[in-house]
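Let's sit down with this one and read it feature by feature. Ask whatever comes to mind as we go.

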Amino acid sequence: MNKEELKIKLTELFPTPAFDETGEWLTVNIAPDNLLSVAEILRNKVELNFDYLFCQTCVDWKTHLTMVYHLESTTYRHQLVVKAQLDRNKPEIETVSHIWRTAEFNEREAYEMFGVNFLNHPDLRLLILPDGWEGRNPMRKDFEDPVNMIRL
Amino acid sequence: MYRETEILKQPGVGEPDVFGDMIINIGPQHPSTHGVLHLVITLNGETIKKVEPHLGYIHRSIEKMCESLSFRQFIYVTSKMDYLSSHINNHGCCLCVEKGMQIEVPPRAQVIRVLMDELTRLASHQLWWGAGAMDIGALTPFFHAFREREMINDIMEETCGTRLTMNYMVPGGVMVDVHPNFQRRVKEFITHFKTKIDEYDELLTGNVIFQNRVKGVGYLSKADAISYGCTGPTARGSGVSCDIRKLYPYEVYNKLQFDEVVETGGDCFARYLVRMKEMRQSLSIVEQLVDNIPEGDVQAKTKAVLKLPKGEYYSRVETARGEFGVYIVSEGGTTPYRIKFRSPGYCNLSALDHMARGGKIGDLVAIMAMIDLVIPDIDR
């Protein structure tokens, strides 16, 4: 499916999808509460079949956090970007690790680097950072470390 | 230290059963981990119940570092991620910046880039072949592989100035033209390596002891490979067609004659075969291009200070280990607002637990060797 066909298909499936077409791929903004239902439809609908989550990350916008999911279908080779805006003080979103297994590690990274709390994640704890770093999120924009940070 | 770790708090893991569970730490400085990877393994007898990677021993927070570097500078930090595919990492970053700035790369630079990419891939696969065989217990291949890899390193040194982290690409082309000896030496290498690769097959591929160690070990199904986000030879060994060079060709890849190697075995031997056949494909690409480097500039004219327009850019390239993605969020300034590197090793590693579970502890090293982990690529 190309961008236009995908757009028509998604409009049928979801009530009022907020599309954004500035990027290379079609982007759809959703509320964090809807993520799980949207993800399940995207993965399980035969004509969509988004089975490959090739990039999952988080962006700190100082006022809020945004979770970004880059999805691709290995059968139809179409891509979709799903974005969910999170509250910066209490970032919470459902895990998708049971839908795409790669999310398990990516969510652990987002948890330690951005402090995003993934609900129902099987094993949410620090992966890259050493013990004792809980609550300090180095990839956030306001993170300060007087000793180890080098500014150019 | 790992008495207090989370692994012991999980039901069924901490409490010894009739045979008694054992927890073994491999690494962070184990020879087979090729770096500083730490695996905590729960064993029941010889059978693996769980493999838990502990990362971060070489974490440098490259993504954060890049946020304070300009669009010209950040490219070279990525050489230190996957140091065996440093050209290809640089290439991915350049493509992303070029996408944002809409820079047209001159044909000569495109060909040189692809040539360098494929030589890097060959060098990386050679190192994997030697070191991987050494992990499994065959010491000789290591010396064979390093003899040929030395030739590529010499070619790189002559043109780029360094042997491992070349930092040769710039947005809009390559830094300097190739050395006058480049073509002659690459052709020498091709004729030399063509005989040697058959020797590789004779030495290891057909070896019964080697085959017994890798056949049927570390099975990964096609659906699992996709779900775990595995790419590169790890996924292609399971029958997933995922070569970015074929699916989304960049530079001159769409004009070249080469095959995507896909094996359907799903075990370690299939992954081994993919890499061995890929070496022949890379060799053929180098052969096609080395005599056909077009004349012209090696760099497009670009502004001294690059400012990417506000927006999001994503580029994908195929490194020796799989799909490498660069995701840049720009606010229109001289530095990226946020950069994410989608490293192939990180996703491939996440499937390690799934592949090793239920197998024997002795097979774990074989599985790790055939995924070809590069730890700085995983930790970033």
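This is a predicted model: local features need pLDDT of at least 70, side-chain atom pairs count only at pLDDT 80 or more; totals for chains, interfaces and linings use all residues.

Q: Where does K62(A) lie, and what is its phi?

A: K62(A) belongs to the loop between β3 and β4 of chain A. Its phi is positive too, about 70°, and K62(A) is not a glycine either. With 9 C-beta neighbours inside 10 Å, K62(A) is classed as exposed.

Q: How do I read burial for α3(A) as a whole?

A: Go residue by residue, with 20 or more neighbours as the cut-off for buried. In α3(A), twelve of the twelve residues pass, so the helix is largely enclosed by the rest of the structure. Charged residues are on the list as well: E104(A), E107(A), R108(A), E109(A) and E112(A) are among the buried ones.

Q: What covers the buried residues of α3(A)?

A: The cover includes β3, β4 (64-72) and β7 (117-119) of chain A, together with α12 (344-350) of chain B.

Q: How many residues does each chain give to the contact between A and B?

A: Chain A gives 26 residues and chain B gives 29. On the chain A side, the elements that supply two or more residues are β3 (52-60) and α3 (103-114). β3(A) has the largest share, with six residues. By type, the chain A side splits into 14 nonpolar, five polar and seven charged.

Q: What angle do α4(B) and α14(B) make?

A: With helix pairs, look at the angle between N-to-C directions; over 145 degrees counts as roughly antiparallel. Here α4 (residues 107-136) and α14 (residues 361-371) of chain B pack at about 175°, with their axes 9 Å apart. The two helices are therefore roughly antiparallel to each other. The contact uses G132(B), D135(B) and I136(B) from α4(B), and V365(B), A366(B), A369(B) and M370(B) from α14(B). Those residues divide into five nonpolar, one polar and one charged.

Q: How many residues of α14(B) are buried?

A: Nine of its eleven, so α14(B) is largely enclosed by the rest of the structure. The buried ones include L364(B), I367(B) and I371(B). Just after the helix, D372(B) takes a positive phi of about 65°.

Q: Which residues touch the most other members of the largest nonpolar core?

A: A core like this is a set of buried nonpolar residues linked by contacts. This one has 141 residues, and L80(A), V116(A), A366(B) and I367(B) touch the most other members. α4(B) gives the most to the core, with 13 residues. Domain 1 (6-54) and domain 2 (62-379) of chain B both contribute, so the core lies between them. Leaving out residues up to four places away in sequence, I367(B) touches V217(B), G218(B), C268(B), L352(B), M355(B) and A356(B).

Q: And what about L35(A): where does it lie, and what does it touch?

A: L35(A) is in helix α2 (residues 35-44) of chain A. With 19 C-beta neighbours inside 10 Å, L35(A) counts as partly exposed. Beyond four places in sequence, L35(A) touches I30(A), A84(A), I93(A) and E94(A).

How values were computed:
Residues are numbered from 1 along each chain as its sequence is written. Chains are lettered from A and ligands numbered from 1 in the order in which they are written. Axes are lines fitted to C-alpha atoms, for helices over the stretch in contact, and angles run from 0 to 180 degrees between N-to-C directions. Helices (H or I, at least four residues) and strands (E, at least two) are DSSP runs, numbered from the N terminus. Angles under 35 degrees count as roughly parallel, over 145 as roughly antiparallel, 65 to 115 as roughly perpendicular and the rest as oblique. Two residues are in contact if their C-beta atoms, placed from the backbone, lie within 7 Å. A nonpolar core is a set of buried Ala, Val, Leu, Ile, Met, Phe, Trp, Tyr and Cys residues joined through C-beta atoms within 7 Å. Domain bounds come from an automatic or database domain assignment.
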